[in-house]
Amino acid sequence: MSHRVNSRCVAVLAVLFFNALTPAIAQPDKDAIIQNLIARVEALERELAALKQSTVPGLESTAAPTNAARPEQPTVHEAAPAQDDSRFTFHGYADLGFQRNVDGDASKRFALGEVDLFASTRISPRVSALWETVLETDNQVLVASVPVNLERLLLQYRCNDYFHLDAGSYRTAIGYYSTAYLRGSWLQTAITRPRLFEFEDDGGFLPLHNVGLSAHGKLPSGALGLHYVVEVGSSRNYGESSAGYNFSQNAAVNLALCARPQALPGLEVGFSSYHDRFSPQQDYSMARSVWTGHLVYQAHRIEFLNEAVWAKFRNPKDGYGNVPGFYSQLAYRLGGSWSPYVRLEDIHASGTGTVGEYAPQIVPWRTAETVGARYDLTDAIAVKFEGGRGSNQLRSWIQAAVQVAFTF
């Protein structure tokens, strides 16, 4: 702006000086000369502006183009650690609904589900902390009796794509469903989890939580897309009291491997092998082994989940118990909101000796056929409808539920 003002001043002074020196020139000739001088000054101003534009590196207009396309925001499921532009992230998941005849107990009631609180923070470019806490409001009569469950607490180190290390309380990499979904119901298509992957405090028999070290990452495998998990830790013991338990004997080791081939995006095939000792009763422990295999496809509006589990409990003096099981779930997203689904499940416990007699108490034999639909009301609220038939060793029943799940 200052250069333009100075140029204008020079032009005015030149005109006045010219008028003073040329009184005898005709008026039309003077006007033409003046117009030529002004045009020349304006041309010089344009040349100066062009010169400035070309000599200042990186000089661009700060106005964003009005027709620039915004990138789509990804749907948050398993919340990721904080990125470089944010040191802290927080997500919450909760649900409420109405249940009828759940597990054949002939009850009809409204139920407030769990409140899952998830947070992560970046400590340094390669180190972060993760925290997940669950308020188990379901099945609690008194507000004061609502337990607080520390689901996960991890210090995470990210070296590169081939080596990540987590230390603390982690979700055991047994199968697919356990690590793919947090406890928040909003994240999963169905209202209920497969019976095989119910959490320990909800009656599940698999060791889905450990405390220790978990290393995971990619394997150099090209288009095959191999990923590994190696875990060593201490598993949770069972029983009403921990008095007299030998926690040094519940050391756990787990190895998992999966493939995500580039030729079939959305496909994952994998297996895991888990071994530990656990104490179902005071002063008594058994060796436990769990083998799993899964085939999952999630693409083109299709969700096809298939997992098989074989758990074995052994005691040299008291025999062994076997628990084979599987589930298969198929869902398809119609339009932008509806996702009908169907799921089949089967679990069967058997064995020999005292352990074999005890195995059906840990895992009552059951089958289940479930049908339902999920409707995404908004990006953060989902309404689910579910019904089905369940059975155990003694009887069968029909159950139904409606749920509103949301995230915040």
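## Strand pairing around S13

Serine 328 has leucine 344 of S14 as its bridge partner. The model is predicted, so local features need pLDDT of at least 70, side-chain atom pairs count only at pLDDT 80 or more, and totals for chains, interfaces and linings use all residues. Residues are numbered from 1 along each chain as its sequence is written, and side-chain values use heavy atoms, with hydrogens and water left out.

Helices (H or I, at least four residues) and strands (E, at least two) are DSSP runs, numbered from the N terminus; the protein chain has 4 helices and 18 strands. Strands pair if DSSP finds at least two bridges between them. The pairings of S13 (residues 319-332) are tabulated below.

| Partner of S13 | Sense | Bridges |
|---|---|---|
| S12 (residues 302-315) | antiparallel | 14 bridges |
| S14 (residues 338-347) | antiparallel | 7 bridges |
| S15 (residues 350-352) | antiparallel | 3 bridges |

Tyrosine 320 of S13 is the bridge partner of arginine 314 and also stands opposite threonine 352 in S15. S12 and S13 form a hairpin with 3 residues between them. The hairpin of S13 and S14 has 5 residues between the strands, and glycine 335 takes a positive phi near 60° there.

Glutamate 136 lies in the loop between S4 (127-135) and S5 (148-160). Glutamate 136 counts as buried because its relative accessibility is 11%, where buried means under 20% relative accessible area (1.4 Å probe, protein chains only). Its side chain makes a polar contact (N or O atoms within 3.5 Å, one able to donate a hydrogen and the other to accept it) with the side chain of asparagine 149, at 3.2 Å.

Key
Buried < 20%, exposed > 50% of the residue type's maximum accessible area, 1.4 Å probe, protein only.
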